[in-house]
Amino acid sequence: MNNQPSILITGASSGIGRALALHYASAGYQVWAGGRSIEKLQQLCELHPNILPLLCDITNFNAVKASVSQLPALDILLLNAGTCEYIDDAKHFDGALFERVITANVIAIGYCLEAWLPLVKQSGNLAITSSSASFLPLPRAEAYGASKAAATYLARTLSIDLKKDNIHVSVIHPGFVKTPLTDKNDFSMPFLTTPEKAADIIFKGINNNKNEIHFPRVFTWLLKALSLLPFFLWQKIASRMTS
Ligand SMILES: NC(=O)c1ccc[n+]([C@@H]2O[C@H](COP(=O)([O-])OP(=O)(O)OC[C@H]3O[C@@H](n4cnc5c(N)ncnc54)[C@H](OP(=O)(O)O)[C@@H]3O)[C@@H](O)[C@H]2O)c1
């Protein structure tokens, strides 16, 4: 009988997910590494024998469902894949951009949950990567922030409803992590951390069944404190960030 623990990580071809795949593989897990880029997944798999590729566009429900036949029972399902695009001009709202971000960051999670949640073992873990952007409205984040606020709500609701199934749910709220996603940002990113550091914190948080994993702490506590301000004050501060 195979006692090796198993984890499926989406968005493992790059950034935080890639670092997580290597971290879990080094800890002895059989890692199913999800992504759309076969080249990046193959390069990752060459780095550790415990990593297997799961080529799948999570916005394609048929592809997600079809992948089930190749997967084992899972100790951990870590839904980390995501995209970020900012709205340049709210007055001329880009509905297609909004749809892309909401589809990748919210609708696709629903597809993954329907297909893969039944694979998670009793006493297993589900983790969803949201963002500290979900704590309060940030300039130009109409699409990204809304998608991550939805992801947080979804994770928190699941942690209530999956308690009876003995599945522990963690919601992950990173601050800025240096990845291809943030390399595109044209603004300063305070307390920027590395994907390796992020992976270490997430690994420990899931291991300890934390409901919420947030980091770097100074940054995320600051955002949490700011989110308690009366909205008119925050509106004044936030609108100055872009002017
Ligand atoms: N970096 C940060 O500062 C930060 C902060 C807060 C939250 N986050 C969140 O952390 C997660 C990982 O972000 P990251 O910074 O590591 O970004 P990244 O380096 O751009 O990685 C994103 C990953 O998601 C995958 N992905 C995107 N769309 C997909 C789709 N339709 N189907 C399958 N896979 C898809 C990508 O795979 P392919 O390229 O192979 O398609 C890639 O592996 C995201 O949910 C992000 O919102 C990041």
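This is a predicted model: local features need pLDDT of at least 70, side-chain atom pairs count only at pLDDT 80 or more; totals for chains, interfaces and linings use all residues.
Ser14 sits in the loop that links strand E1 (6-9) to helix H1 (15-26). Its C-alpha atom is 19 Å from that of Ala27, a residue 13 positions away along the chain.

**The whole protein**

- The protein contains nine helices and seven strands.
- Its radius of gyration is 18 Å, which agrees with the value near 18 Å that a compact globule of 243 residues would have.
- Along the principal axes, the C-alpha atoms fill a box of roughly 60 × 35 × 30 Å.
- Among the contacts with a separation of 6 or more, 66% are between residues 24 or more positions apart.

- Of the 243 residues in the protein, 47% are buried.
- The protein exposes about 12300 Å², and carbon and sulfur atoms supply 57% of that area.
- There are 21 positive and 18 negative side chains, with the centres of the two sets 7 Å apart.

**A look at helix H5**

- Helix H5 covers residues 142-161, 20 residues in total.
- From its first C-alpha to its last, H5 reaches 28 Å, close to the 28 Å expected at 1.5 Å a residue.
- Which residues of H5 are buried? They are Ala143, Tyr144, Gly145, Ser147, Lys148, Ala151, Thr152, Ala155 and Leu158.
- In an α-helix there are 3.6 residues a turn, so residues three or four places apart point the same way.
- What do the buried residues of H5 pack against? Their partners are helix H4 (95-116), strand E5 (120-129) and strand E6 (168-174).

**Loops on either side of H5**

- Arg140 lies in the loop between E5 and H5.
- Although Arg140 is not a glycine, its phi is positive, at about 65 degrees.
- Is Arg140 buried or partly exposed? With 25% relative accessibility, Arg140 counts as partly exposed.
- Asn166 belongs to the loop between H5 and E6.
- Asn166 is another residue other than glycine with a positive phi, near 60 degrees.
- Asn166 counts as partly exposed, because its relative accessibility is 40%.

**A cis peptide bond**

- Phe215 and Pro216 are joined by a cis peptide bond, with omega at about -15 degrees.
- Pro216 is in the loop between strand E7 (212-215) and helix H8 (217-226).

Key:
Residues are numbered from 1 along each chain as its sequence is written. Side-chain values use heavy atoms; hydrogens and water are left out. Helices (H or I, at least four residues) and strands (E, at least two) are DSSP runs, numbered from the N terminus. The radius of gyration is taken over C-alpha atoms; the globule rule is 2.2 Å times the number of residues to the power 0.38. Buried means under 20% relative accessible area, exposed over 50%, partly exposed in between (1.4 Å probe, protein chains only). Contact means heavy atoms within 4.5 Å. Accessible areas come from the Shrake-Rupley method with a 1.4 Å probe; for residues, only the protein chains shown count as cover. Lys and Arg count as positive and Asp and Glu as negative; His and the chain ends are not counted. The place of a charge is taken as NZ of Lys, CZ of Arg, CG of Asp or CD of Glu. The expected span of a helix is 1.5 Å times one less than its number of residues.
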